[in-house]
2 protein chains.
Amino acid sequence: MVSAPLTADDGKERVRLWLRLLRATRLIEAELREQLKIEFDTTLPRFDVMAALDRAPDGMMMSELSRFLLVSNGNVTGIVDRLVSDGLVARTARDGDRRAFIVKLTEAGTKQFKAMAAAHVRWIDAMLADVDPEEAAHLAGTLRTFQSKWEGGH
Amino acid sequence: MVSAPLTADDGKERVRLWLRLLRATRLIEAELREQLKIEFDTTLPRFDVMAALDRAPDGMMMSELSRFLLVSNGNVTGIVDRLVSDGLVARTARDGDRRAFIVKLTEAGTKQFKAMAAAHVRWIDAMLADVDPEEAAHLAGTLRTFQSKWEGGH
């Protein structure tokens, strides 16, 4: 069986989907940014770095961290520097390689992240309250399908 | 009829959905950033500003523009300054108010944006090729539902 030929409308539906994805993400991010500022006097990039490190109890190389966050190494370095001087992140040289640093959350960092993560779940849950859990699971599944394809790419 | 009580799992599904939304958006943005650089030697924030102005043939106030883009006025000002000096955007004082500026695409800006927009459709279509158009329309509809609720808020 031959699949239906692509029409211009198929492209339009995909672009419309992308514009909605982008808009939804930016709206949620704007709200998270505001809540993080109000409740924890912190920023979204700091939260993102701490969330990534919380998933890696053995720590991460700076290069892994920036690859995971999809931002440049330079941007991450500034954020990590501040987190280190605030005592929330520790930077240690890796065995046998004095130029390669491992960064990880300190005990204080882990504790603060736990509080932020719990609040984060509450905020997201309130923002997405209208999304039925089954619908959420379905949507998440669809997104995972194309995500895994991309993450494999370049 | 009483609706099912919320469980902790409902919250988890919504957070999972959010993390996937965020990841998918960042992956697509990273790819767009790369393509915009390669094909047009431009950046995503410049593209976003031009896209917003392209939808407003009569131009926009700076404050409208930054509200629409969900970024601070300061960030938008720098981008608009560069677009003005590149001849792609024109800034004119609004009648009767010398402090309020209207910005809009110039003819050259409109022409350049058309070329970028056409490429943008191609890139998105290629990236989302695995998403069935019907599925795309369904997903876009779901996202619109909660989006319209948020846009109304604060």
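1. Start with chain B of this predicted model: the axes of helix α2 (residues 44-54) and helix α5 (residues 107-127) of chain B come within 10 Å and cross at roughly 110°. Axes here are lines fitted to C-alpha atoms, for helices over the stretch in contact, with angles running from 0 to 180 degrees between N-to-C directions. α2(B) and α5(B) are therefore roughly perpendicular to each other (65 to 115 degrees). Helices are DSSP runs of H or I, at least four residues, and strands are E runs of at least two, numbered from the N terminus.

2. Who touches whom in chain B? From α2(B) come B:F47, B:M50, B:A51 and B:D54, and from α5(B) B:G109, B:T110, B:Q112, B:F113, B:M116, B:A117 and B:H120 (contact means heavy atoms within 4.5 Å). By class that is 6 nonpolar, 4 polar and 1 charged residues, with Gly counted as polar.

3. Over in chain A, the axes of α2 (residues 44-54) and α5 (residues 107-127) come within 10 Å and cross at roughly 110°. That makes α2(A) roughly perpendicular to α5(A).

4. One more spot to look at is A:T106, in the loop between β3 (97-105) and α5 of chain A. A polar atom of the A:T106 side chain lies 2.7 Å from the backbone oxygen of A:G87. Setting aside neighbours within four places in sequence, A:T106 contacts A:G87, A:L88, A:V89 and A:A90.

5. Housekeeping: residues are numbered from 1 along each chain as its sequence is written, and chains are lettered from A in the order in which they are written. Local features need pLDDT of at least 70, side-chain atom pairs count only at pLDDT 80 or more, totals for chains, interfaces and linings use all residues, and side-chain values use heavy atoms, leaving out hydrogens and water.

Key. Angles under 35 degrees count as roughly parallel, over 145 as roughly antiparallel, 65 to 115 as roughly perpendicular and the rest as oblique. A polar contact is a pair of N or O atoms within 3.5 Å; within protein, one must be able to donate a hydrogen and the other to accept it, and residues adjacent in sequence count only if both atoms are side-chain atoms.
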